[in-house]
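This report describes a protein chain, from its overall architecture to individual side-chain contacts. The sequence and the model are shown first.

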Amino acid sequence: MSETETGLVGKRKWKNRATSRHSERFRIIAGLLSLIIGLLYALQITPAYKTSYFLGIFLIMVSCLQLAFGVALLLKPWEIDPIGRQRSAAAATRIAQRWFLADIAGKLLLIVLLILHIAGGGPRFGTSVFDLLALIIQAGALICLILLYRQVKPSSGNDLSMKTPDERCLHLRL
């Protein structure tokens, strides 16, 4: 029996659509959570400056990076190249995975720093409610990003943009 007779093709298409809908939801949720985290850190910049000049600069950098990653997750810049053309699916997937890994690494670092800060290893600049809220939001965004990274798969290799010029010619001859 072929796949069309057993109905497997329809189930695969449905599964791909469901996966893409979930990945879009995870992307939007992670982007919104990153924006919220960036705003929370922006609100803590002034008290941090009063405590330590370097802590204030650190919070400015963290806030800017969180806001930038939030905007990037919502706008998907990996789909368009610098000239303004649409990238191939394989190239966009590779670049998206790099964005996700960079954001995952940054969020892991911030979670570790927040845990050390809550445990008493750092100067007090905010309230413990802020620290706990930031930790919970960071963890939620991290979970969304990990799920999103796992759902974004590289293409099967049939994309011509992934091949060298000799492989493209060979593919076109076949």
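## Basis of the model

The structure is a predicted model, in which local features need pLDDT of at least 70 and side-chain atom pairs count only at pLDDT 80 or more, while totals for chains, interfaces and linings use all residues. Residues are numbered from 1 along each chain as its sequence is written, and side-chain values use heavy atoms, with hydrogens and water left out.

## Overall architecture

The secondary structure of the protein chain consists of seven helices and zero strands. Read from the N terminus, the order is α-α-α-α-α-α-α.

Of the 174 residues in the protein chain, 32% are buried. Here buried means under 20% relative accessible area, exposed means over 50%, and partly exposed lies in between, with a 1.4 Å probe and protein chains only. Contacts are defined by heavy atoms within 4.5 Å. Among those between residues at least 6 apart in sequence, 69% join residues at least 24 apart.

Accessible areas come from the Shrake-Rupley method with a 1.4 Å probe; for residues, only the protein chains shown count as cover.

Helix α6 covers residues 128-151, a run of 24 residues. From first C-alpha to last it reaches 35 Å, close to the 34 Å expected at 1.5 Å a residue; the expected span is 1.5 Å times one less than the number of residues. The buried residues of α6 are F130, D131, A134, L135, I137, Q138, A141, L142, C144, L145 and L148.

Q138, which lies in helix α6, has a relative accessible area of 0% and is therefore buried. When residues up to four places away in sequence are not counted, Q138 touches I37, Y41, Q66, K107, L110, I111 and L114.

## W99 in helix α5

A tryptophan of helix α5, W99, counts as partly exposed at 31% relative accessibility. Leaving aside neighbours within four places in sequence, W99 is in contact with F69, A72, P77 and W78. W99 and Y149 are 50 residues apart along the chain, yet their C-alpha atoms are separated by 9.4 Å.

## Salt bridges

The model contains five salt bridges, each defined as a side-chain nitrogen of Lys or Arg within 4 Å of a carboxyl oxygen of Asp or Glu. One of them joins E24 to R27, with the closest N and O atoms 2.5 Å apart. These two residues are three residues apart in helix α2 (residues 8-43), so about one helical turn separates them. E24 counts as partly exposed at 32% relative accessibility, whereas R27 counts as buried at 6%.

The side chains of D81 and R85 also form a salt bridge, the closest N and O atoms being 3.2 Å apart. D81 is buried, with a relative accessible area of 15%. A further salt bridge links K76 and E79 at 3.6 Å, N to O. K76 counts as partly exposed at 21% relative accessibility, and E79 is likewise partly exposed, with a relative accessible area of 27%. Salt bridges that share partners join E24, R27, K76 and E79 into one network.

## Cysteines

How many disulfides does the model contain? The count is zero disulfides, a disulfide being a pair of cysteine sulfur atoms within 2.5 Å. C64 is partly exposed, with a relative accessible area of 47%, while C144 counts as buried at 10%.

## Nonpolar surface patch

F58, M61, L109, V112, L113 and L116 make a nonpolar surface patch of about 540 Å². Helices α4 (53-75) and α5 (89-121) are the elements that give two or more residues to this patch. Helix α5 gives the most, with four residues. Patches are made of residues with over 30% relative accessible area and no salt bridge; like charges are joined within 9 Å, and nonpolar side chains (Val, Leu, Ile, Met, Phe, Trp, Tyr) within 5 Å.

One of the patch residues, L116, is placed in helix α5. L116 is partly exposed, with a relative accessible area of 49%.
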